[in-house]
Amino acid sequence: MRLGVDVGKARIGVARSDFHGMLATPLETVARSAGEGTADIDRLTVLCDELDCAEIVVGLPLSLSGGTTPSTDDAIAFAGRIAAATGRPVRMIDERLTTVSAQAALHTSGRAVKGSRPVIDQIAAVILLQHALDSEASTGNPPGIAASELGPDPQGDLP
């Protein structure tokens, strides 16, 4: 089982895979802790323990041109904190346009986008985790890049 994590400034969308790693489903939205707070990491650690997850997939927010942004640096730092807290491997997956896709899916389903940010975050986590599962199934290779491989200058480390 894998956990998919869409890290935002205010909220973290969380999704999970099935036991066979074929299907991603929404799990919950976790409030992002401010400053040095750890409630968000603590909750993700509890979820990993409860679900006995083997790996965590974290969205890597790149600019449309593929460059890094302040959000990229934040997600990489957050992935490192998750890895340290859970002791589980963390992989980072390109998440460009997942939130836009999530908003479009919500709109198509007839649900108002306004006021649905927590649901959008969960859907974005589902999209990025499903992309990772599909990528691994089609190529036979682990998806994305291991968070442990990203150094202090992530631009030079990105595939």
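Me: What makes the crossing of helix 1 and helix 2 right-handed?
Reply: In this predicted model, the crossing of helix 1 and helix 2 is right-handed. The term applies if the near helix is turned clockwise from the far one by less than a right angle, and left-handed applies if the turn is anticlockwise. Helices (H or I, at least four residues) and strands (E, at least two) are DSSP runs, numbered from the N terminus.

Me: Why is helix 1 called oblique to helix 2?
Reply: The axes of helix 1 (residues 39-51) and helix 2 (residues 70-86) come within 10 Å and cross at roughly 50°. That angle makes helix 1 oblique to helix 2, because angles under 35 degrees count as roughly parallel, over 145 as roughly antiparallel, 65 to 115 as roughly perpendicular and the rest as oblique. Axes are lines fitted to C-alpha atoms, for helices over the stretch in contact, and angles run from 0 to 180 degrees between N-to-C directions.

Me: Which residues make the contact of the two helices?
Reply: Helix 1 contributes Asp40, Ile41, Leu44, Thr45 and Cys48, and helix 2 contributes Phe78, Arg81, Ile82, Ala85 and Thr86; contact means heavy atoms within 4.5 Å. By class, this contact of helix 1 with helix 2 has six nonpolar, two polar and two charged residues. Ala, Val, Leu, Ile, Met, Phe, Trp, Tyr, Cys and Pro count as nonpolar, Asp, Glu, Lys and Arg as charged, and the others, Gly among them, as polar.

Me: How do you know that strand 1 is largely enclosed by the rest of the structure?
Reply: Six of the six residues of strand 1 (residues 2-7) are buried, so the strand is largely enclosed. Buried means under 20% relative accessible area, exposed over 50%, partly exposed in between (1.4 Å probe, protein chains only). Arg2, Gly4 and Asp6 point one way, Leu3, Val5 and Val7 the other.

Me: What makes strand 1 and strand 4 a pair?
Reply: Strand 1 and strand 4 (residues 55-60) share four bridges in the parallel sense, and two strands pair if DSSP finds at least two bridges between them. Val5 has Val58 of strand 4 as its bridge partner. Strand 2 (residues 11-17) runs antiparallel to strand 1, with five bridges.

Me: Why is Glu149 called exposed?
Reply: Glu149 has a relative accessible area of 51%, so the residue is exposed.

Me: On what basis are residues numbered and values computed?
Reply: Residues are numbered from 1 along each chain as its sequence is written, and side-chain values use heavy atoms, leaving out hydrogens and water. As this is a predicted model, local features need pLDDT of at least 70 and side-chain atom pairs count only at pLDDT 80 or more, while totals for chains, interfaces and linings use all residues.
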